[in-house]
Amino acid sequence: DGFSIWDIQDIARQVCQALDHAHAHKVGHQSLEPAKIMVGWDGIVKILGFGISTMNALSASSSNGIPEVLYYASPEQLRAEACDQRSALFSLGAMLYEMATEQKPFPGESAEQVRQAILEQVPALPVRLKPNVNRGLSELIMKSLAKSPQERYQSGAELVRDLENCKSG
């Protein structure tokens with residue numbers, strides 16, 4: 001049944017702390033995706049690729065299929081607008097969706113279909129896809145995936161606070 005609420009909470013907490021720390025030092029992650037989140041045997045989470053952005057590759061058409069990083073791009077990244085920490089929290093939300101439901105929030109058969117889904121569609125509620133998903137977690141994920149950065153979590157600490165409350169639900 002995928003990740004437990006405790007696994008999701010632990011991984012998300014560590015990722016959010018790292019993103020907040022980087023943001024405090026005026027560093028943002030421009031291409032957060034599962035391949036850049038490593039969980040060590042001791043449970044310590046490390047985020048890779050802070051200095052490398054593969055988002056520029058999204059502007060080129062891919063003849064080999066859909067670039068994996070595209071599934072986690074925020075709407076503002078796809079519109080080539082200014083991105084901040086909230087964009088990385090959108091990417092984390094897409095990963096949390098996948099961890100909770102075992103499905104990508106914005107599927108598509110082509111890169112253009114995925115782009116359009118991210119820009120225009122609201123994914124199904126995680127709790128509707130998997131009834132055993134915690135309702136609070138489902139709401140948290142949907143807030144993370146809001147199209148507008150102003151409607152998302154404004155910091156990792158804010159997301160973690162709500163995530164902590166999910167365990168009791």
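1. In which helix does Ala18 lie? Ala18 lies in helix 1, where helices are DSSP runs of H or I with at least four residues, numbered from the N terminus. This is a predicted model, in which local features need pLDDT of at least 70 and side-chain atom pairs count only at pLDDT 80 or more, while totals for chains, interfaces and linings use all residues. Residues are numbered from 1 along each chain as its sequence is written, and side-chain values use heavy atoms, with hydrogens and water left out.

2. Ala18 is partly exposed, with a relative accessible area of 27% (buried is under 20%, exposed over 50% and partly exposed in between, for a 1.4 Å probe and protein chains only). From C-alpha to C-alpha, Ala18 is 8.1 Å from Lys46 in space, although 28 residues separate the two in sequence.

3. Helix 1 (residues 5–24) packs with helix 3 (residues 85–101) at an angle of about 170 degrees, the axes being 11 Å apart. That makes the two helices roughly antiparallel (an angle over 145 degrees, taken between N-to-C directions on a scale from 0 to 180 degrees, with axes fitted to C-alpha atoms over the stretch in contact).

4. In helix 4 (residues 111–120), Ala111, Val114, Arg115, Ala117 and Ile118 are buried. They lie on the same side of helix 4, because they cover an arc of only 160 degrees around the axis, judged by the directions from the helix axis to the C-beta atoms. These buried residues pack against helix 2 (75–78) and helix 3.

Terms used
Angles under 35 degrees count as roughly parallel, over 145 as roughly antiparallel, 65 to 115 as roughly perpendicular and the rest as oblique. Contact means heavy atoms within 4.5 Å.
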